[in-house]
Amino acid sequence: MAEVTTPVARLASEDFGPKIPPKPVYSTWLRQSVLGWGAFAGFLLAMSWLFLALTRLIIGIGEQIPVSWGLSPAIGTILSLIVVLVMITATLLTMADRKWSALMQDRVGPNRARFSIIPGLRDKPLKGIPHIVADVLKMLFKEDFIPEGAVPNRFLFNLAPLLAFAPAFMLFAVVPVSPEVTFFGARFQLQVARVDWGMLYVFALASIAVFGTALAGWTSNNKLALLGGLRASAQLVSYEVTLGLTLVGAFIVFGSLRLDTMALLQGMTEPGLRAAAAFANRAGDFLARDDSLLFGWLPSWGGVFQPVGMILFLVAAQAEIKRAPFDTPEGESEIIGYFLEYSGLKSGMFYIAEYAETVVIAGIVTTIFLGGYHIPWLEPTIVRTTEGWLGASGIAWLAVLQVFTFILKMLAIIWVMFVVRWAFPRFRYDQIMRLGWKMMLPISLANVALTGAVFLWAGRDGVAWMGIIEWIAFLFFIGFSARAQPSAEPGSHSSTVVEH
Amino acid sequence: MEHPKDERASPGPQPDLSFGERLYLREAIKGMGVLAKHFWTNLFGFRDPAPEVLDRKGPGVNLVSTISYPDERKPYPPGYRGMHRLVPRVDGTPRCVACYMCATACPAQCIYIEAGEYEDQAIEKYPVRFEIDELRCIVCGFCVEACPKDAIRMDTGTHAPAVLSRPLAVFDKQALMQGPAVEHPSDVLTYRVPLRTPAPREPLGPGVTSKGDAGH
């Protein structure tokens, strides 16, 4: 055929014939999947090591400065945990929310943005990650608009996104991501603030987040935003009661408000690990014995002691961070929400704050109810096996794996929260109030009373048995309360059809 | 006193709900289970890009049936009237003999032909210009039916591509000369053996052919 010269001819030749992509081979897909998931796990492991290493580096720098302020562990953990872990996870979650919901609904999800300026990535959708950059750039370059009605309260109007944004990140300060560990010669823990009032701090900051939404709704001088702010205030104040009471059972079991103590009590401590590893070494066993297990086989996680507390806390937390099905303050299909009048980066701060709060709540749930950073059954074995690898102690290697475990557990909880978000329709305002005050509050009070009574009567093991019974009852209820078969004869509601 | 029944009122829960359903918890968890099943199936499932597989079934198969259009294309059904092409002969010249029958049959008058003459072949005429305005074309296929030489076909299986300006939608001869060459046994009569027949000077009317059915 003649060579293509004219533009029309080129157009035609490019588009000639149906282009059906070749069918990929199953083995190719399998190899790519294994490689991809392996790379993901490896990335998380490397990040776990990096969190520890970054904190160690900052501590090292702090030791070199002649005037020591003693702040270097805090600065290191703030950098590694809040700036890197929470910030990056929250940013990725903005895309994960859209991608995961697409997967749940059999869609493809956003995949059109490309890093076209990078040569190798011209035609790679990269699972939608370029959309994050596109979104951020879009928000950065939008006009920072203040509506006329908000001008008299300009200060409060500008303060509101900060009040929503900052507590979300500050909350993570009390979450322990690793145990106290000797890493490259320095002893530290991946936790910003190790304070006695850990959970009280969480409750206090959670109620500060109310100010952000209420102020945003109020100062916008917009009736829909005001409505959103009102709903948010009422909802958040209501659910804070349940949020606090659901954790009282856990406080009774662990006897502490400190999150690091709670995490520590759900697994083995360092001396115990060393002893168990040494014992296994002497006995020549591969599997070292985990002493922290309940009855010798059950991980002593908070979720085992407090199933009701865990489920209620998840629900109350979902309401507290205003995510669906408790998103009446936002309610994008009825009132646009308390952030209606915000534009650009301020709107983005509300958006990111929501996801940061998700990460933080997942972190708290992991710490209190899912054993924190602890790996069930295997911890002494890991210490025993990895002792001396690359010159590091087994405890240090275990710490890396524990950070990795913590991130995995956190991601799992985040995933559950996203499934909840996409599974349920939005509750009506009165339904939210009824659920909060008339159902969850009495149940959580009963849980506190029952846990206290059982703890006094039978101690920690008794609470564990209570938790196991509750789990079994719950699963039995889920599995066996089948739907009653509708009666074949025309009932009350089918007679209306006949009338029509 | 009994209130009159408000037709707009919510019907409320169905009377035959069991206790477990009223409690909402079990149904809620069942709903989450459905979502979780779809999530993991689609996350780990084998993405079968074959566009004809719209109703995907079977274990481990991705349920997403979206066709990302410019990258993945579903073939049109057989008989689809796609974009025109001028069918070439085996030697690369167009089969078209510039008889103007397609242009005459065209209800949208989107075909423009300028005839030229070969010097020393049995086939006397060929199109110097053959242009189809794809914006005017109504894709009725009359030109294909009218052609006595099987020189214009709509079997490309694609549609006219999107263009950014109107002139680009006027497809010239080079753009239309696409696809595999076509040869019919009866073609021997016309171009292997030189036949000296006087060429008609004026365009023929619709439905009138100077020779018998050469194609098909």
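**Entry 1: helix 3 and helix 14 of chain A**

I looked up how two helices of chain A are set in this predicted model, and I record that helix 3 of chain A and helix 14 of chain A are oblique to each other. The basis is the angle: the axes of helix 3 (residues 72-104) and helix 14 (residues 394-423) of chain A cross at roughly 45 degrees, and those axes come within 10 Å. I noted the hand of this crossing as right-handed.

I then listed the residues that meet. Helix 3 of chain A contributes L85(A), T89(A), L93(A), A96(A), D97(A), W100(A), S101(A) and M104(A). Facing them in helix 14 of chain A are I407(A), M410(A), I414(A), W415(A), F418(A), V419(A), R421(A) and W422(A). Sorted by class, this contact holds twelve nonpolar, two polar and two charged residues.

**Entry 2: the second largest pocket**

I found 44 residues in its lining. Those nearest the centre of the pocket are L435(A), L23(B), Y24(B), L25(B) and A28(B).

Which elements each supply at least two residues of this lining? I recorded helix 11 (307-320), helix 14 and helix 15 (429-480) of chain A, along with helix 1 (19-23) and helix 2 (25-44) of chain B. Helix 15 of chain A gives the most, with 15 residues.

**Entry 3: cavities**

I counted six cavities of 30 Å³ or more. For the largest cavity I noted a volume of about 90 Å³. Its lining consists of A164(A), A209(A), T213(A), I321(A), K322(A), E330(A), Y338(A), F350(A), A353(A), E354(A) and E357(A). Helix 6 (198-219) and helix 12 (344-369) of chain A are the elements that give two or more residues to this lining. The largest share, four residues, comes from helix 12 of chain A. I divided the lining of the largest cavity into six nonpolar, one polar and four charged residues.

The second largest cavity holds about 70 Å³ of space. I found 14 residues lining this cavity, and H84(B), C106(B), C137(B), C140(B) and C143(B) lie nearest its centre. How many charged residues does the lining of the second largest cavity have? I found none, against twelve nonpolar and two polar residues.

Terms used
Residues are numbered from 1 along each chain as its sequence is written. Chains are lettered from A and ligands numbered from 1 in the order in which they are written. This is a predicted model: local features need pLDDT of at least 70, side-chain atom pairs count only at pLDDT 80 or more; totals for chains, interfaces and linings use all residues. Side-chain values use heavy atoms; hydrogens and water are left out. Axes are lines fitted to C-alpha atoms, for helices over the stretch in contact, and angles run from 0 to 180 degrees between N-to-C directions. Angles under 35 degrees count as roughly parallel, over 145 as roughly antiparallel, 65 to 115 as roughly perpendicular and the rest as oblique. A crossing is left-handed if the near helix is turned anticlockwise from the far one by less than a right angle, and right-handed if clockwise. Contact means heavy atoms within 4.5 Å. Ala, Val, Leu, Ile, Met, Phe, Trp, Tyr, Cys and Pro count as nonpolar, Asp, Glu, Lys and Arg as charged, and the others, Gly among them, as polar. On a 1 Å grid over the protein atoms alone, a cavity is a set of points where a 1.4 Å probe fits but cannot get out, and a pocket is an open set with protein on both sides within 12 Å along at least five of seven lines; lining residues have an atom within 4 Å of a point. Grid points are joined across faces, edges and corners, and a volume is the space filled by probe spheres set on the points.
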